[in-house]
Each structure stands twice: as C-alpha cells, then as structure tokens.
Amino acid sequence: MKNLMIYINPRKDFDEEGKIAVKIQIDNSLSLGWIPEDIILVTNFPYQYQGVKAIVVDDLNFCTFCPAASKINVICDLFKQKLIKKEVVYWFHDLDAYQCTNIVEPDLDFDKADLLLPDFGRLPKWSTGSFFFKASSEDIFNWVKEIMDKHQIDEEGAFCILTGLGYPISLNKSVQIKGYTAKDHPEIKNIAERIKRLNISYNFHSFNVRSNYNAALKPIKVVHFHFIEKTPNPLNPRPNQIDFFLYGNNKINVQFMPVGLVEIFKKHATH
C-alpha cells in the first residue's frame with residue numbers, strides 16, 4: 001500500500017499550517033512503520049524531509065474555483081504519467097488527516113470496488129479527506145474531474161452527482177444539479193459497486209461526535225482537523241481542535257490520538 005498526500009499552491013510553498021503538518025505527517029508515518037519509498041508526497045514545488053522527496057507536478061493542476069479539488073486534478077495527472085501502478089492500493093489523505101493506528105489492506109475489504117470513500121456520518125455527502133483506491137479507478141476520477149469542471153463545484157459534490165445523489169448549488173438548496181443515472185450515462189451502470197462506502201473511522205471529524213463515534217470502527221483510524229483555524233465562524237464556533245483530539249476535551253471524553261502522535265504534535269505544533 002502507498003501513502004499519498006497532495007498539496008498544490010500557486011505560491012509554490014506550504015501555507016502556515018501546511019509547513020508544520022507535512023512534517024507531522026511524515027514523522028508519524030515513519031513511526032507507524034511506513035518506509036520512505038511508500039510515502040508519496042506530490043507538490044508543485046521541490047520539498048524533501050526525512051528521506052521523503054516530493055514528486056513535482058505542473059501548476060496547472062491547481063483548481064482555481066476550488067483549491068481543495070486540486071487533489072483530483074493531481075490524481076488524474078498521476079494516472080496520465082503512469083505513476084499509479086496496478087495491483088497497488090493507494091491511501092490518499094489530506095495534510096490535516098492524521099493516521100492514528102496501523103491500517104492493513106485485508107481490513108479494507110474492497111470486494112468488487114475500485115474506490116473506498118467515507119461519508120460525513122449523519123450528513124449524506126461523500127467525504128474526500130481520506131480514501132483508498134486502485135488503478136482500476138482511473139475512469140472514476142476522470143468523470144469526477146469532468147463534473148467538477150463542468151459545474152465549477154468541489155470534488156465531493158462531483159462524487160455525489162456521479163453516484164446519483166445530486167448536489168445543491170444554492171444556499172437554500174432550492175437549486176440542485178441532478179445526479180447521474182445509468183439511463184443518462186450507461187458507462188456508470190455499476191458505479192454503486194465500484195465506489196464502496198468506507199467506515200467513518202477512516203476520516204473522523206469533530207462534528208456529530210456522539211453519533212459518529214458510535215458508528216466508527218475502534219480504534220479510530222484517522223482524525224481530520226485543522227490545528228490552525230483558517231476562517232472561524234462566530235455563528236458556528238468549533239471546539240479547540242488540539243484540546244478535542246489530543247487531550248480528550250470533548251463531549252464523550254475520548255482522547256482520539258495515541259500517545260506517539262500526541263508527542264509528534266507537541267514537537268511540531270504545540271510548543
């Protein structure tokens with residue numbers, strides 16, 4: 001299995017959080033047994049840390065209408081460059097999605113699927129902060145990119161359209177892009193088999209913590225949060241994410257991070 005992370009920025013550098021997060025990610029991956037050769041970091045600028053050297057891709061992979069969707073452009077680019085290999089499982093995760101315990105392929109249970117994708121728990125929307133895929137998923141990513149570009153929407157919305165869920169494009173949800181069906185697009189007739197829902201344990205956020213924790217496989221595999229909040233919303237304030245995930249200051253009093261990852265965070269982000 002390969003550990004894939006992607007970061008594209010027109011400034012050709014990490015932002016404030018990214019500069020710290022990428023070191024946490026690499027240190028944590030190495031501590032959990034990943035070897036540098038299996039950690040794939042893709043950027044649009046040179047970077048190297050702890051034996052992990054970034055693959056540098058073109059700036060054109062940056063998604064101007066939704067920067068987070070750049071990950072899809074890059075994955076499509078990696079396919080074009082023949083860098084996604086057959087018979088290999090790839091775990092993609094955002095720089096702010098942190099592995100808490102070992103992840104082994106047999107536990108993933110692909111069955112007939114080409115891509116394992118979590119949702120947000122009570123919110124019926126696909127979540128792309130952490131997912132697993134095989135080389136056989138190339139056409140799926142190409143379709144998602146096509147939908148993103150056509151409607152100028154994020155990749156999670158594009159996955160919703162591809163799988164027939166539809167996607168609201170107005171704040172009051174009165175305007176919605178129709179979800180694809182096999183009648184409209186015969187080539188996606190078996191898309192429900194090819195994209196399998198992944199347990200929320202592999203991409204655990206701080207919202208809906210009670211219901212999501214009850215639904216999650218234990219121990220939690222991946223926690224997903226910003227330790228530097230970019231756009232605080234005074235109408236919907238988030239709990240302090242460091243306190244929530246590192247120290248168990250949350251509604252269920254669970255410390256989600258293992259001691260080893262807490263120490264890595266202390267080294268890089270909380271001193």
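User: Happy to dig in! What should I know about how the values were made?

Analyst: In this predicted model, local features need pLDDT of at least 70 and side-chain atom pairs count only at pLDDT 80 or more, while totals for chains, interfaces and linings use all residues. Residues are numbered from 1 along each chain as its sequence is written, and side-chain values use heavy atoms, with hydrogens and water left out.

User: Why is D119 called buried?

Analyst: Buried means under 20% relative accessible area, exposed over 50%, and partly exposed in between, with a 1.4 Å probe and protein chains only. D119 has a relative accessible area of 13%, so D119 is buried. D119 is found in strand β8, residues 115-120; strands are DSSP runs of E with at least two residues, and helices are runs of H or I with at least four, numbered from the N terminus.

User: What makes the pair of D119 and R197 a polar contact?

Analyst: A polar contact is a pair of N or O atoms within 3.5 Å; within protein, one must be able to donate a hydrogen and the other to accept it, and residues adjacent in sequence count only if both atoms are side-chain atoms. The side chains of D119 and R197 make such a contact at 2.8 Å. A polar atom of the D119 side chain also lies 3.0 Å from the backbone nitrogen of G121.

User: And C66, why is that residue counted as buried?

Analyst: The relative accessibility of C66 is 16%, so C66 counts as buried. C66 lies in the loop between β5 (55-56) and α2 (70-80). Not counting residues up to four places away in sequence, C66 touches D154 and E155, where contact means heavy atoms within 4.5 Å. The C-alpha atoms of C66 and I153 are separated by 7.0 Å, though these residues are 87 apart along the chain.

User: Which residues of α1 and α9 meet?

Analyst: I20, K23, I24, D27, N28 and S31 in α1 meet L261, I264, F265, K267 and H268 in α9.

User: Nice! Where is there a positive phi?

Analyst: Just after α1, G33 takes a positive phi of about 105°.
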